[in-house]
Amino acid sequence: MSWIVRLMKSSLGAKYVMAVTGAGLFAFLIGHIGGNLLLYFGQDAMNSYAVGLRELPYGLLWIARGGILLFFVLHVYTAYSLTARNKAARPRAYVMEDTFQASLASRTMAMTGTIVLLFVLYHLAHYTFRIVNYAGPYIDNQGRDDVYTMTVAGFSQPVIAITYVAAMLVLGYHLSHGLSSMFQSLGINHSKYNLFFRKIMPLVGWVVTLAGATIPLAVLAGIIR
Ligand code: HEM
């Protein structure tokens with residue numbers, strides 16, 4: 001058995017895997033939303049950035065994609081196996097007094113995580129594989145892949161824009177617990193840093209996801225067009 005399977009079979013190891021992969025995925029999200037904010041700076045800024053990513057040397061783009069995929073699969077697989085293990089350990093349904101201490105966000109992690117998973121699958125089909133809700137090809141006047149127009153065309157459809165905003169809110173809620181609990185999972189839990197764990201990290205999560213949510217809203221409002 002490989003070391004990673006053995007690590008995930010122990011509850012402590014599984015929590016470690018959740019924390020490390022969650023942190024990695026959040027780092028990707030910061031870069032991804034940050035890059036997408038270039039939509040506010042117009043077609044040339046966005047498309048130059050998209051082309052720049054694809055032209056990264058040494059196959060860096062594919063290494064990054066492989067890393068994100070690996071982290072994503074590990075995060076989801078470990079989450080479901082932890083949830084199944086917890087259920088098996090206490091087959092009786094939770095009763096009120098067991099749970100009133102834990103926050104709603106922490107008790108709904110599996111549900112919010114599943115919604116984010118469904119969103120990511122849709123999002124990949126939409127903008128990466130371009131097999132749903134895609135009316136392209138979109139090519140700009142310099143002959144480049146026109147990610148700007150593709151995104152604006154997507155979010156000009158209110159149902160799609162609202163779906164993205166809703167997904168971003170669910171993701172923000174998921175992160176509001178995940179970003180705070182990951183330190184506990186890594187064994188970093190000195191009370192001196194409570195403000196950081198409990199308030200600052202959830203706030204950072206909300207800033208990133210709400211920044212993402214402004215993009216479809218800005219397209220609907222005609223600010224990005
Ligand atoms: C309004 C917010 C967002 C916008 C405008 C957006 C836009 C895009 C676009 C245009 C692509 C395709 C890039 C290309 O093929 O050149 C993409 C890929 C991707 N997005 Fe998003 N995205 C948003 C939010 C998110 C969120 C919240 C997540 C994760 C929870 C996410 C995860 C991904 C992943 C994993 C890829 C594939 C990356 C790759 O193939 O290199 N995105 N996104």
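A residue is called partly exposed here when its relative accessible area lies between the 20% under which residues count as buried and the 50% over which they count as exposed. With a relative accessible area of 43%, Asp 44 is therefore partly exposed. The legends below describe views of a predicted model.

View 1. Along its principal axes, the C-alpha trace spans about 60 × 40 × 35 Å. Of the 225 residues in the protein, 36% are buried, and the accessible surface comes to about 13,500 Å², with 69% of that area belonging to carbon and sulfur atoms. Among contacts with a separation of 6 or more, 74% are between residues 24 or more positions apart.

**View 2. Arg 144 pairs with Asp 44.** The structure holds four salt bridges, and one of them joins Arg 144 to Asp 44, with the closest N and O atoms 2.7 Å apart. This pair links distant parts of the chain, as Arg 144 sits in the loop between α7 (109-128) and α8 (147-155), whereas Asp 44 belongs to helix α3 (residues 43-54), 100 residues apart. Which of the two partners is buried, and which is partly exposed? Arg 144 has a relative accessible area of 15% and is buried, while Asp 44, at 43%, is partly exposed. As a general point, side chains of opposite charge can pair when their charged atoms come close.

**View 3. Arg 54 meets Asp 145.** In this view the side chains of Arg 54 and Asp 145 form a salt bridge, with a distance of 2.7 Å from N to O. Here, too, distant parts of the chain are linked, with Arg 54 in helix α3 and Asp 145 in the loop between α7 and α8, 91 residues apart. Arg 54 counts as partly exposed at 44% relative accessibility, whereas Asp 145 counts as buried at 19%.

View 4. When residues up to four places away in sequence are not counted, Leu 39 touches Met 46, Tyr 148, Thr 151, Ile 215 and Ile 224. In soluble globular proteins, nonpolar side chains tend to be buried together.

**View 5. His 126 is buried in helix α7.** His 126 has its place in helix α7, and its relative accessible area of 1% puts this residue among the buried ones. Leaving aside neighbours within four places in sequence, the residues in contact with His 126 are Val 132, Asn 133, Gly 154, Ile 160 and Tyr 164.

View 6. Tyr 80 is found in helix α4 (residues 60-89) and, at 38% relative accessibility, counts as partly exposed. Apart from residues up to four places away in sequence, Tyr 80 touches Thr 114 and Leu 117. The C-alpha atoms of Tyr 80 and Val 17 are separated by 13 Å, and these two residues are 63 residues apart along the chain. Ile 30 has its place in helix α2 (residues 11-36), and with a relative accessible area of 42% Ile 30 is partly exposed. Between the C-alpha atoms of Ile 30 and Val 204 there is a separation of 9.8 Å, although the two residues are 174 residues apart along the chain.

Key
Residues numbered from 1 in each chain as written. Predicted model: local features only at pLDDT ≥ 70, side-chain atom pairs only at ≥ 80, totals over all residues. Heavy atoms only, no water. Helix = DSSP H or I, 4+ residues; strand = E, 2+ residues; numbered from the N terminus. Buried < 20%, exposed > 50% of the residue type's maximum accessible area, 1.4 Å probe, protein only. Contact = heavy atoms within 4.5 Å. Areas by Shrake-Rupley, 256 points an atom, 1.4 Å probe, with all protein chains shown as cover.
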